[in-house]
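Have a look at the fold, and then we'll pick through some of its packing.

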Amino acid sequence: VKKGAAPDELSQFLSDAGTYLAILKVSLINDQNVETGLSLGLFRELVECLSHLMKCYEIEQCIGELKVLVRCLTHCFRSVLAVDFFIEVPSGIIFLLAAIESIRDCLVEPIGLCEFVGDEEIVANLMKVVRVCLRSDKHFDLILNNAPLSTLKKKAPELFRTLIKFLSIEGCNEVILEETAAALRNLTRRVSGLEMIENPRALAPVCRLATEKGMCRHKDYCAAILKNCCKREKLLEYIRQAGVFINLP
């Protein structure tokens, strides 16, 4: 299906994709099925389906199908083979960013994210994929430093801004905050990730969450982000000016 296709054709593709993904979602609960699917090219099919959804539909038209597709992706990410494939194929990570950015662009404050998508699952799962992709040094370097991903390198600062945007949403769901903060922690653990932070003031939402009252996991992740940021002098200076005290150097 192509963008601009007849409404009946677009509707049929969504119906077929929804049925396919619903069956696939159940099948991928089993780890052996995940490994078998990956060996048969399943990940390429999922990436192509994600590409079609992002190119041919407005986000609100395919939110149900996108939700199930992202759930299938997260099932696959139990295997390191999925991470290898997703990162080594440039379109995979780029379309993932496109999905995140499209959802971000659909935010209409103060309505808030969760009311738009119905629940927190789709965004939390997208952030989980980002977190897993940035977890190891090997995959981190592939994303940010490899020449074949030059298109993504240009998008690198946008990745940081996208994550920060979700952390700045008032009343955002705890699950989204936790996965987003964990992804940002992985992104900032390397100097090349810190170089994405063009303006130290962008850390304001992280400072706020790191010092809020109560016990929650995203608070610990935000503290870890700030500790990572202390590797750069101008970021450390801003954190100190913000009055954050988390055993800073």
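Predicted model: local features only at pLDDT ≥ 70, side-chain atom pairs only at ≥ 80, totals over all residues.

Residues are numbered from 1 along each chain as its sequence is written, and side-chain values use heavy atoms, with hydrogens and water left out.

As for H15 itself, this helix covers residues 233-241, and Leu-235, Leu-236, Tyr-238 and Ile-239 in it are buried. Buried here means under 20% relative accessible area, exposed means over 50%, and partly exposed is in between (1.4 Å probe, protein chains only). Looking down the axis of H15, the buried residues fall within an arc of 160°, so they line one face of the helix. That arc is taken over the directions from the helix axis to the C-beta atoms. Glu-233 and Gln-241 sit on the other side of H15 and are exposed. The cover over the buried residues includes helix H12 (191-194), helix H13 (204-210) and H14.

Zooming out, the protein chain has 15 helices and zero strands. Those are DSSP runs numbered from the N terminus: helices are H or I with at least four residues, strands are E with at least two. Of the 249 residues in the chain, 51% count as buried. Contacts mean heavy atoms within 4.5 Å. Among contacts in the protein chain with a separation of 6 or more, 73% come from residues 24 or more positions apart.

Now for some helix pairs. Two packed helices are described by the angle between their axes and the distance between the axes. The axes are lines fitted to C-alpha atoms, for helices over the stretch in contact, with angles running from 0 to 180 degrees between N-to-C directions.

| Helix pair | Axes come within | Crossing angle |
|---|---|---|
| H11 (residues 174-187) and H14 (residues 217-229) | 8 Å | roughly 20° |
| H4 (residues 63-76) and H8 (residues 121-133) | 9 Å | roughly 35° |
| H1 (residues 7-27) and H4 | 9 Å | roughly 30° |

H11 and H14 are therefore roughly parallel to each other; the cut-offs are under 35 degrees for roughly parallel, over 145 for roughly antiparallel, 65 to 115 for roughly perpendicular, and oblique for the rest. Their crossing is left-handed, a label used if the near helix is turned anticlockwise from the far one by less than a right angle (right-handed if clockwise). On the H11 side, the residues that meet H14 include Leu-177, Ala-181 and Leu-184, and their partners in H14 include Tyr-221, Ala-224 and Ile-225. The residues of this H11 and H14 contact divide into eight nonpolar, two polar and four charged. For those classes, Ala, Val, Leu, Ile, Met, Phe, Trp, Tyr, Cys and Pro count as nonpolar, Asp, Glu, Lys and Arg as charged, and the others, Gly among them, as polar.

H4 also passes H8 in a left-handed crossing. In that contact, H4 contributes Ile-63, Leu-66, Lys-67, Val-70, Arg-71 and Thr-74, and H8 contributes Glu-121, Ile-122, Asn-125, Leu-126 and Val-129. By class that is six nonpolar, two polar and three charged residues.

H1 passes H4 in a left-handed crossing as well. Here Leu-14, Gly-18, Leu-21, Ala-22, Leu-24 and Lys-25 of H1 meet Glu-65, Val-68, Leu-69, Arg-71, Cys-72 and His-75 of H4.

A few single residues are worth a stop. Phe-77 lies in the loop between H4 and helix H5 (80-88) and is buried, with a relative accessible area of 8%. Leaving out residues up to four places away in sequence, Phe-77 touches Phe-43, Ala-82, Val-83, Phe-86, Val-129, Val-132 and Cys-133.

Beyond its neighbours within four places in sequence, Glu-179 is in contact with Ala-124, Met-127, Lys-128 and Arg-131.

Finally, Phe-140 sits in helix H9 (residues 137-145) and counts as buried at 0% relative accessibility. Its C-alpha atom is separated by 9.0 Å from that of Gly-193, 53 residues apart along the chain.
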